[in-house]
Amino acid sequence: MQGLGHDATKGTRIGEASNPGPGPKLLQQLLGGLDIKSILRDLLKQLLQEVASGQSGPRKRKKKHRNKLSRALGGSGATPNDEPRNPAPSAPAPKGAGKDKGKGKGKGSGKGDGWTPVVRKQRSLGDFALRSQDWNSPIFKPSELGAKLDGLADGDTLRGIVLVQSDDEFASISSVLRGCPKPHKMLLLRPSSEEGSQRVPGQVGDRLTFRNLAVATFCSSNSSGEMPQFQGSSGSDAKPLKVKITESAVLYVRLSKLYCDPKLWASFERAAAKEALQWAACRHVQALDSFSWSREKGKAGDSEQFFGLLRVAKKDIGPLLSSSGQQGVFVSAPRGLPDAAACEVAWVDRAPKEKPKDYLERVTRVSSAHGLALSNMRLGWRRPLDKDEVPVRVWNVTDVPREWDHCAVADLLGTAFVDPVILSHRWAKKAITYRFKAKVKAGGDRDVVPLICEHLGANVTLWASLAPPRKQPTFVKPVYTHSVPVVKAADTPEIPTETVAVPTAKTQDEDGKDQSQSKQAKQEVRQFPSDLKLVDCPRDGNCVLHAFSKALKHFRDEDRHPRILRAELVTHLLKHERYSREWDRLDPKGQPCSDFKAYCSMIEKDSTYLGELEIAALSHICHLKTVVIPQGLDFQPAAYNAREKKVAVLWFTPGHIDLALPKDNGTQYPETYTKVTQGPVGALRAGGGSRAASSEVSSCATPLRKRAASVVSGSSGRAKVAATKSIAAQGS
């Protein structure tokens with residue numbers, strides 16, 4: 001019997017007014033397993049986060065819906081109707097165009113700028129292999145060597161190169177070649193980092209590279225011909241070139257912003273290493289290297305400088321040190337460098353309200369052949385020391401007992417030093433360190449001196465050592481140098497030299513016999529240039545004026561008497577204030593003089609000496625570039641008023657000036673003389689009264705450029721004053 005159903009909703013549509021569907025109890029039963037509160041809480045939290053970040057809810061949900069759909073389609077990341085998500089890169093939009101500019105810090109690196117970063121993968125290029133175009137013999141693989149030896153025809157010699165990759169393979173091939181009776185000349189190469197390995201070119205893939213390889217030669221007694229060698233090498237009989245090693249030294253170089261020209265400072269900012277080489281080249285020195293450059297700035301901001309190292313040949317140390325201070329570039333040698341002359345620095349104080357450039361010019365006028373020194377923006381000139389002279393230096397003596405006072409320390413220092421002056425002291429935990437200034441009594445210039453004393457019944461040795469320079473708070477910024485160019489030194493006239501006897505008053509030995517010429521002091525001097533013609537000037541004390549008068553007559557056809565030139569010179573010196581700043585504050589007799597007008601009145605008199613200041617002024621008056629060539633080797637040829645095109649060359653012998661004209665009596669000098677650009681040397685003196693008449697006004701060549709028995713160095717009154725003037729020794 002079939003059962004009957006009595007469901008009232010069977011066959012009807014639920015949701016109509018007559019059939020509202022299941023009641024609330026049935027809906028609660030269906031949703032009873034879901035946590036509605038937690039679901040709503042998560043949705044509200046997500047909605048608040050979207051509002052806070054500025055994103056709209058529908059767009060986020062749409063994107064989420066799209067991501068779900070893409071995962072359902074297989075994880076392609078795009079719906080069937082969507083465009084590709086990573087389109088082809090297009091040209092970058094101009095600056096400021098578009099709303100999405102990216103959020104990256106770098107320009108063009110943010111998202112949405114149209115650029116895609118690409119990193120090229122390093123592909124494996126294979127092993128190192130030799131190139132056939134580099135060798136004059138074939139290259140064999142180790143596996144081919146046996147077949148090549150077997151197929152060798154009678155009377156032939158197997159020549160080639162074999163590269164192996166391991167020591168075992170090298171030993172195996174070496175055994176094969178040693179035991180082979182057939183004629184062969186082979187080179188066997190293997191990688192090696194041992195001493196004696198050679199750098200050999202080859203390739204890795206298609207790239208040229210070099211490897212260190214050990215080279216072994218195998219040559220049978222019945223072989224003929226040459227050994228395999230690199231293409232383009234000389235034959236086996238050719239001797240290798242013996243390279244002459246240039247002895248060099250490192251000098252310190254400083255460029256002070258306070259004393260240099262703004263254009264030179266700007267050029268150092270662009271390339272400090274290159275400009276340092278160029279500065280040395282203008283002074284006829286070809287530096288070998290320039291490195292370790294940095295930019296230093298004082299903590300107070302009142303001083304700024306470039307500091308670097310310059311490597312030069314030892315023969316160029318003297319000329320470069322003598323140029324120290326020119327254009328605000330200061331050169332110094334490390335302490336103890338045997339090729340640099342021993343000097344001490346005479347510091348010159350800066351006058352109140354004196355401009356830095358005027359300060360530099362004033363110190364340059366009293367400088368020596370060893371140039372200027374710079375320390376904490378203070379300038380000084382280097383005074384060369386005599387053979388047995390010891391300089392005054394600043395010292396530290398440590399571990400002094402705390403029970404001692406200054407008098408006890410001074411007594412101890414007096415046993416080994418001359419006139420010690422205690423400057424300061426510093427307390428330590430159990431002892432005191434004293435800083436003092438003095439010079440050593442015996443033993444020459446040293447950096448440490450023992451001090452032996454008795455303390456509490458026991459012998460104690462204290463040590464005095466040179467005090468290090470005071471550290472100034474500075475900020476240092478390294479200046480990176482990628483490559484250093486080769487800058488050729490400026491041409492200088494190549495003038496042959498000769499050795500002459502130095503004139504001395506005493507020409508007899510101790511027994512009263514005449515001293516032979518070979519026993520007299522000799523010195524190397526320049527010969528008069530063979531491509532010039534010497535024009536003698538009268539030795540009446542006005543030789544400088546005679547030389548300029550003859551030069552004007554020859555080059556400009558002007559008649560100007562030496563007396564007229566002297567009057568014009570005095571007027572010119574008084575008219576231009578810069579000459580008073582460049583003046584060395586000494587009168588013609590070498591005595592201190594503070595009045596420039598009084599000095600001009602002295603040189604206004606006939607037969608009074610004229611120096612470098614007057615030669616520079618006469619060059620401007622006559623509109624000539626004056627090149628002075630000294631007979632002595634104290635300094636290089638120098639140029640005055642170098643901007644003028646018309647050149648006049650003067651020949652400088654002890655205390656006298658002559659005119660040197662072109663050999664063909666024309667108006668054009670050889671190019672080596674016209675290219676001389678080195679500035680004033682601050683030491684030239686010529687003319688003056690007769691030596692027999694007055695020794696005080698005698699002509700003086702280089703009063704401050706002190707060298708042993710130089711024929712261009714005289715002992716005038718000015719020299720004596722410079723030698724005896726009080727100086728403050730350099731502290732370090």
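**Terms and their grounds**

Mentor: Among the elements that cover the buried residues of α7 are α6 (262–270), β8, β9, α8 (317–322) and β10 (329–332). This is a predicted model, in which local features need pLDDT of at least 70, side-chain atom pairs count only at pLDDT 80 or more, and totals for chains, interfaces and linings use all residues. Residues are numbered from 1 along each chain as its sequence is written, and side-chain values use heavy atoms, with hydrogens and water left out.

Trainee: What makes helix α7 (residues 272–281) largely enclosed by the rest of the structure?

Mentor: Eight of its 10 residues are buried, so helix α7 is largely enclosed. Buried means under 20% relative accessible area, exposed over 50%, and partly exposed in between (1.4 Å probe, protein chains only). The buried residues are Ala272, Ala273, Glu275, Ala276, Leu277, Trp279, Ala280 and Ala281. Helices (H or I, at least four residues) and strands (E, at least two) are DSSP runs, numbered from the N terminus.

Trainee: Why does Trp293 count as buried?

Mentor: Trp293 has 3% relative accessibility, and therefore counts as buried. Trp293 is placed in strand β8 (residues 289–298).

Trainee: Which residues is Trp293 in contact with, leaving aside its neighbours within four places in sequence?

Mentor: Contact means heavy atoms within 4.5 Å. On that basis Trp293 touches Val253, Phe268, Ala272, Ala273, Ala276, Phe306, Phe307, Gly308, Leu309, Pro478 and Val479, with neighbours within four places in sequence left aside.

Trainee: What joins the side chains of Trp293 and Ser290?

Mentor: They make a polar contact, at 2.7 Å. The term denotes a pair of N or O atoms within 3.5 Å; within protein, one must be able to donate a hydrogen and the other to accept it, and residues adjacent in sequence count only if both atoms are side-chain atoms.

Trainee: How do you know that β8 and strand β9 (residues 304–313) pair?

Mentor: Two strands pair if DSSP finds at least two bridges between them. β8 and β9 have seven bridges, in the antiparallel sense; one of the bridge partners is Arg311 in β9, which faces Asp289. β8 is also joined to strand β19 (residues 474–478) by five bridges, again antiparallel, and Ser294 has Pro478 as its bridge partner in β19.

Trainee: Is His455 buried or exposed?

Mentor: His455 has a relative accessible area of 19%, under the limit of 20%, and is therefore buried. His455 lies in strand β17 (residues 448–455). Its side chain is joined to that of Trp404 by a polar contact of 3.3 Å. Leaving aside neighbours within four places in sequence, His455 is in contact with Pro401, Glu403, Trp404 and Val460.

Trainee: Why does Ala346 count as buried?

Mentor: Ala346, in strand β11 (residues 343–348), has 4% relative accessibility and therefore counts as buried. Ala346 and Trp381 are 35 residues apart in sequence, and their C-alpha atoms are 5.4 Å apart in space.

Trainee: How many helices and strands does the protein chain have, and what share of its residues is buried?

Mentor: The chain has 17 helices and 28 strands, and buried residues make up 39% of its 732 residues.
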